[in-house]
Amino acid sequence: MELRQLRYLVALSEERHFTRAATREHIAQPALSQQIRRLEAEVGIPLVQRTTRRVALTDAGELLVARARRVLAEVDAAQAEMEALRGVQSGHVTVGAMHTMGPVDVSLVLAIFHERHPGVELTVREQSSEELAEMLRADEIDLAFLSVTERIESHGLGLQQLVSEEIVAVLPSDHRLAKRRRIRMDELSDEEFISYREGSRLREVLVSAGRDAGYEPHVTLESNESQRIRRLVARGLGVAILPRSDAVGPGAEIAAVSLISPGLTRDITLAWREGRRHAPAAAEFLELARATWSTPASP
């Protein structure tokens with residue numbers, strides 16, 4: 001079992017296409033296919049299901065990919081540690097981020113890091129918090145900015161809360177409740193909601209708060225962009241809940257009203273896989289991120 005074969009298998013698992021995986025690994029597609037077949041012959045069990053339209057991994061393939069990511073991460077870290085003797089001059093850091101980051105400006109730490117280490121390649125992947133947690137456990141990303149929810153088990157993850165922020169009701173300016181300072185969640189029971197998509201923290205908060213108030217929120221429109229949600233609300237297409245920083249910042253004119261019964265908040269938390277030996281570039285980025293927001297902000 002060779003390291004290059006493991007790299008090819010990991011690439012194939014992520015690209016789900018032989019040609020794309022080969023392009024990513026800078027080899028010819030037939031050569032990659034041959035190496036995958038040799039790996040299958042060595043382990044004595046099929047790793048890949050091949051069809052005319054797509055590539056899927058078998059259960060054995062998924063298991064080996066999970067192990068391969070750990071092995072390759074350790075090898076990459078060892079190589080990078082040797083380079084670290086000359087300083088952080090190269091490498092690749094993959095950062096995960098939620099779709100809405102509120103007052104946490106990820107671009108700030110990206111810019112500072114790039115200025116200090118211009119030879120390090122930076123990649124940002126936007127996903128839901130739940131997806132980011134799984135990507136951390138699989139070593140697909142080095143660290144992530146996510147929101148901790150009841151559906152995200154913290155086991156195996158290092159966590160540092162950066163922000164706890166109020167979530168407010170976002171209403172059209174001429175809405176019957178727009179002039180109120182506070183409203184109860186049950187007062188929105190007859191409204192049509194505009195919300196983030198299934199799997200997002202804010203969608204989870206909306207559904208949970210609605211149920212606690214005795215109803216199932218009726219979501220008629222979905223978007224993962226807070227500014228688009230604000231524009232839709234401003235045009236009278238529904239109401240929404242958003243972090244206060246997204247509701248009161250520049251954007252479409254709406255009314256942002258505090259919620260009571262219950263009051264709602266969401267966190268932004270820096271997360272990484274505990275026990276992982278990061279490559280020097282990733283370790284440096286993690287320390288920079290932790291130092292940048294070392295004191296949790298107030299709502």
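Reply: Let's begin with a term: a residue is buried under 20% relative accessible area, exposed over 50%, and partly exposed in between (1.4 Å probe, protein chains only). Met1 has 49% relative accessibility, so Met1 counts as partly exposed. This is a predicted model, in which local features need pLDDT of at least 70 and side-chain atom pairs count only at pLDDT 80 or more, while totals for chains, interfaces and linings use all residues. Residues are numbered from 1 along each chain as its sequence is written, and side-chain values use heavy atoms, with hydrogens and water left out.

Met1 sits in the segment before α1 (3-15); helices here are DSSP runs of H or I with at least four residues, numbered from the N terminus.

Now for the charged pairs. A salt bridge is a side-chain nitrogen of Lys or Arg within 4 Å of a carboxyl oxygen of Asp or Glu. Arg4 and Glu2 form one through their side chains, at 2.7 Å from N to O. Arg4 is partly exposed, at 40% relative accessible area, and Glu2 is partly exposed too, at 37%.

Another salt bridge joins the side chains of Arg16 and Glu62, at 3.3 Å from N to O. This pair links distant parts of the chain: Arg16 lies in the loop between α1 and α2 (18-25), Glu62 in helix α4 (residues 59-84), and they are 46 residues apart. Arg16 has a relative accessible area of 26%, and Glu62 has 36%. Across the whole structure, a search finds 26 salt bridges.

Conventions:
Helices (H or I, at least four residues) and strands (E, at least two) are DSSP runs, numbered from the N terminus.
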